[in-house]
Amino acid sequence: MVNLPSGYTDTHEYAHDIIAFMHEPLAVQITGGIHVNDAFIYDAWANLPSEWTAWWGTLSSAQEAQKDLINSLRKEPQARDQDLPGRPASLSQWLEHIRNLSLDREQLVLPEEFSEIEVPEVLASRMVTKKLAEVRAGARYINHVCKSYGFTRVVDIGSGQGYLSLTLAAVCGLRVLAIDGSSKQIDGSRAAARQAGLVEGDQITHLTRFVTSTDEIGAEIETWAAGEKCLLTGLHACGSLSEHMIRLSTTVPCITHLAVVGCCYNHISPLSQINSLGFPISSFMRINKLKLSTSALITGCQAPTNWTHKPDSLFGRKYWYRAVLEKLLYDKKLVSQGPRPVWGIRTCDLKDFEAYATRALHSLKLEVGKDVVKEEIAEYEEKYQGRAAETAILWTLSVLLCRIVESVIALDRVFFLQEAGLENIDVLPIFNYQESPRNLMIVASRG
Ligand SMILES: C[S@@+](CC[C@H](N)C(=O)[O-])C[C@H]1O[C@@H](n2cnc3c(N)ncnc32)[C@H](O)[C@@H]1O
């Protein structure tokens, strides 16, 4: 039974409310209906509730508003003491709604009978602190399940450098099949396994496979399992990989337990005419026509409460510059169709708008002095000078729904597993959210 937000006892009722919230015009707008980059083209600010924008206009800075919005996500009661006075009641209610609709992220305290995992130095020294904490928590849970059900095999998909796989093999005595789509990752994992003295083909087996559908990899897993039951896991199985794994857990006979943590929701492939396996995967979400834009999925990858607040940061400036530039390109009919080249913004590009625009135009193969003249760049900077707060607040609003988006994705996965007849389905906040915001582990078992 999934630990639902307080006030809910029925998963489907909760899901209906969260879908309805995500489909409200305001949520649709701020999660991509009008992208922050297009804020000045479509006047996104004017589309927000006027009493909110009027109030934000009375604050001393955009950062004050941003801090208040981000603080509003914190669930602990004392966080309310830091809410800004004078905030419109309708905004406070909306923020409360966001808090109340999100699945709890407070790290699960595992009972004492789940043995602690001490990772040997030869493996621990390869991991950063965050990864080590994730591996210890994940392995602790997986080891307990395996020991409780008396099986000895684990399949780790998206195993990367093998941090979890090797720990399970070396510390927990489990036989692990480590699968990753990248041969470089598998090579790194193999080398580390050798260093740790693990026997390839026995304690650990590596396989380079890019998992896209269930059939072939399912057969390979069956062969490796040699008739034994296995737990399927993946720590931060990105994008649709988590969904592929969830499907595998419902179709491959030897896989009887699942424990998967997702991430990079922006890499989830949506359901379409050519992709019948796309998101959402559950019949419930499909029947209820859940729709999340790519921007909304990107929102699911954010964790604004973990941002360190730097009032003078250049970071906020880039949204404003980008929106001004988009307006300039739009007005001059210079917006080309198709994907834009990717250009990494450097700190020096944010020195002033002219520096930013010059580099961006260059990457778009447009010429300053020909396609756009310097005077126009200066004119647009001047014109939108007073509106930097708008893009800063719009950006913050867009990421505010991060936990709701992640909750919807988790629910979709839960429903898919329920619909396939799996049992003991749960969503466990397995890691410390402050260290590892992608901390929801979907677990389930079969037969
Ligand atoms: C975010 S990393 C996590 C790695 C590892 N589980 C960890 O916690 O350190 C995701 C890994 O999944 C692999 N991967 C992504 N999509 C995959 C796919 N469809 N099939 C197999 N591996 C995939 C990547 O190569 C990468 O090593």
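**Exercise 1: contacts of Ile442**

Task: find which residues Ile442 is in contact with, leaving aside its neighbours within four places in sequence.

Solution. Two residues are in contact if their C-beta atoms, placed from the backbone, lie within 7 Å. Ile442 then meets Ile246, Leu258, Val260, Ala410, Arg413, Val414 and Val427.

The model is predicted: local features need pLDDT of at least 70, side-chain atom pairs count only at pLDDT 80 or more, and totals for chains, interfaces and linings use all residues. Residues are numbered from 1 along each chain as its sequence is written.

**Exercise 2: the core**

Task: which residues of the largest nonpolar core touch the most other members?

Solution. A nonpolar core is a set of buried Ala, Val, Leu, Ile, Met, Phe, Trp, Tyr and Cys residues joined through C-beta atoms within 7 Å. Buried means that 20 or more other C-beta atoms lie within 10 Å of a residue's own, again placed from the backbone. The largest core has 117 residues, and Val324 and Ile442 touch the most other members. Its largest share, 10 residues, comes from H18.

**Exercise 3: helix H18**

Task: describe the span and burial of H18.

Solution. Helices are DSSP runs (H or I, at least four residues), numbered from the N terminus. The expected span is 1.5 Å times one less than the number of residues. Of its 18 residues, 15 are buried. Gly421 follows H18, with a positive phi near 90°.

Key:
Helix = DSSP H or I, 4+ residues; strand = E, 2+ residues; numbered from the N terminus. Buried ≥ 20, exposed ≤ 12 C-beta atoms within 10 Å, placed from the backbone.
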